[in-house]
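The sequence and the model come next, followed by notes on selected parts.

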Amino acid sequence: MSLFVGDQNQVVFNYESGTYAEPSGNAYWIGLVTDHTPTETENISTVRYAGTTDRNVGQIINTSKDYEGTITFHPQTFKMFGFALGSVVDSGSPSPYNHVISEINSDDGYAFVATGNTNFPSFTVIDSKKGQADGGHLIRTFKGAVVDSLNFKAAQGELVVSELKYIAQTMTVGSQTADIPSISDEDTSRPYIWSDVQVHLPSGTKINEVTDVEFVINNNVERRHYDNGSKVVDSLIPINREYEVTLTLDANSDWGTKLDEEYYHGGSSFNMMLENVISTGSEQGFIIMSGCKITSFESPSPAEGVNEFSVTITPQTCSIDTDDLVEKFNPW
């Protein structure tokens, strides 16, 4: 027996091209993954019925199978946001490369999956715990994963953190050395940190005093378990798409009246942008939002310390324009 120790863990993804929930090719880098917490649910129904002649449960029945997980990582690129919004156009050669990430809706198809009812980008998550011998590993493969939600959070003095929540169709378990994923493009570049991030509100006007900013995409993915002879989910369907930006900033005279009176109580809509730059022109990403409105503004008055504003913003639309050293975000 060997214990599984964290230094041998791997969490990577495979593209699914051609057929939903069928991975192909090598595994790819997600980012600097610090945690993966998958949930494997065997939904169980207990049945009591007349005729058992005792007080105990009559039968315990396994019903539907549900799989989901949360991956926490420090992003080095915006590749995973392509899976969250749905459409990526790759361009540029040679390095650096450009990727324009935009929304797809229910009447749009995902170009790289030709079959199944799921018209949204899917991928396979591979969670590998390496032991000391063939047959002594634990490799769980979650196929047909769709992004339920994804965030991008920058707090002063810290690395940027993203939390990706996915829902998958199936899970398989392997233990052989051959099941351990082979990484094709491990990224050793540094991840985004707080000082790379600047908030524009509206676009072109920077807020200098932001201490925390978080951008969230929520796809509200719905599971569909059909009467089709299978216990696993047939389709994962994104329903309402929602965006949210939360800001914490040191309270000051430049932004107090503007945020509270003009944008919050006045109800003015605006465009905004998160500018994220590691290296200008080669490693950068711009999260561009429009139709934004402030939906919450808080300005407490404590007895000591620096006053803070807490602001919640709801954008209507979003796109991401990013440059990096990765040639393609798409499968091909």
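## Terms and overall make-up

Helices (H or I, at least four residues) and strands (E, at least two) are runs assigned by DSSP, and their numbers start from the N terminus. The model described here is a predicted one.

By that assignment, the chain has two helices and 20 strands. The chain has 332 residues, and 44% of them are buried. Taken along the principal axes, its C-alpha atoms fill a box of roughly 75 × 60 × 45 Å. Among contacts in the chain with a separation of 6 or more, 69% are between residues 24 or more positions apart.

## Strand pairing

Strand 13, residues 210-218, runs antiparallel to strand 8, residues 138-155, and seven bridges join the two. One of the residues paired here is Ala 154, whose bridge partner in strand 13 is Val 213.

Strand 13 also pairs with strand 16, residues 242-250. This pairing is antiparallel too and extends over eight bridges. Within it, Asn 218 has Glu 242 of strand 16 as its bridge partner.

## Nonpolar cores

In soluble globular proteins, nonpolar side chains tend to be buried together. In this model, the largest nonpolar core has 59 residues. The residues with the most contacts inside this core are Phe 123, Leu 201, Phe 215, Leu 247, Leu 259 and Ile 313. Strand 8 gives the most to the core, with six residues. Apart from this core lies another, of twelve residues, which include Tyr 20, Ala 21, Ile 104 and Val 146.

What does Leu 247 touch, leaving aside neighbours within four places in sequence? Leu 247 is in contact with Val 199, Leu 201, Ile 207, Asp 212 and Val 213, and also with Phe 309, Ser 310, Val 311 and Ile 313.

Ala 168 lies in strand 9, residues 162-168. Its relative accessibility is 1%, so Ala 168 counts as buried, the limit being under 20%. Val 146 is 22 residues from Ala 168 along the chain, and the C-alpha atoms of the two are separated by 6.3 Å.

Asp 196 lies in a loop, between strand 10 (170-174) and strand 11 (197-200). Is Asp 196 buried or exposed? Asp 196 counts as buried because its relative accessibility is 7%, and the limit for buried is under 20%. Beyond residues up to four places away in sequence, Asp 196 touches Arg 190, Pro 191, Glu 275, Asn 276, Val 277 and Ile 278.

## The cavity

How many cavities of 30 Å³ or more are there? The count comes to one. The largest cavity has a volume of about 70 Å³.

The lining of the largest cavity consists of Lys 79, Gly 82, Phe 83, Gly 86, Ser 87, Val 88, Tyr 110, Pro 121, Phe 329 and Asn 330. By type, the lining divides into five nonpolar residues, four polar and one charged. Helix 1 (79-85) supplies at least two of the lining residues, and strand 5 (86-91) likewise supplies at least two.

Conventions: Residues are numbered from 1 along each chain as its sequence is written. This is a predicted model: local features need pLDDT of at least 70, side-chain atom pairs count only at pLDDT 80 or more; totals for chains, interfaces and linings use all residues. Side-chain values use heavy atoms; hydrogens and water are left out. On a 1 Å grid over the protein atoms alone, a cavity is a set of points where a 1.4 Å probe fits but cannot get out, and a pocket is an open set with protein on both sides within 12 Å along at least five of seven lines; lining residues have an atom within 4 Å of a point. Grid points are joined across faces, edges and corners, and a volume is the space filled by probe spheres set on the points. Ala, Val, Leu, Ile, Met, Phe, Trp, Tyr, Cys and Pro count as nonpolar, Asp, Glu, Lys and Arg as charged, and the others, Gly among them, as polar. Two strands pair if DSSP finds at least two bridges between them. A nonpolar core is a set of buried Ala, Val, Leu, Ile, Met, Phe, Trp, Tyr and Cys residues joined through side-chain atoms within 4.5 Å. Buried means under 20% relative accessible area, exposed over 50%, partly exposed in between (1.4 Å probe, protein chains only). Contact means heavy atoms within 4.5 Å.
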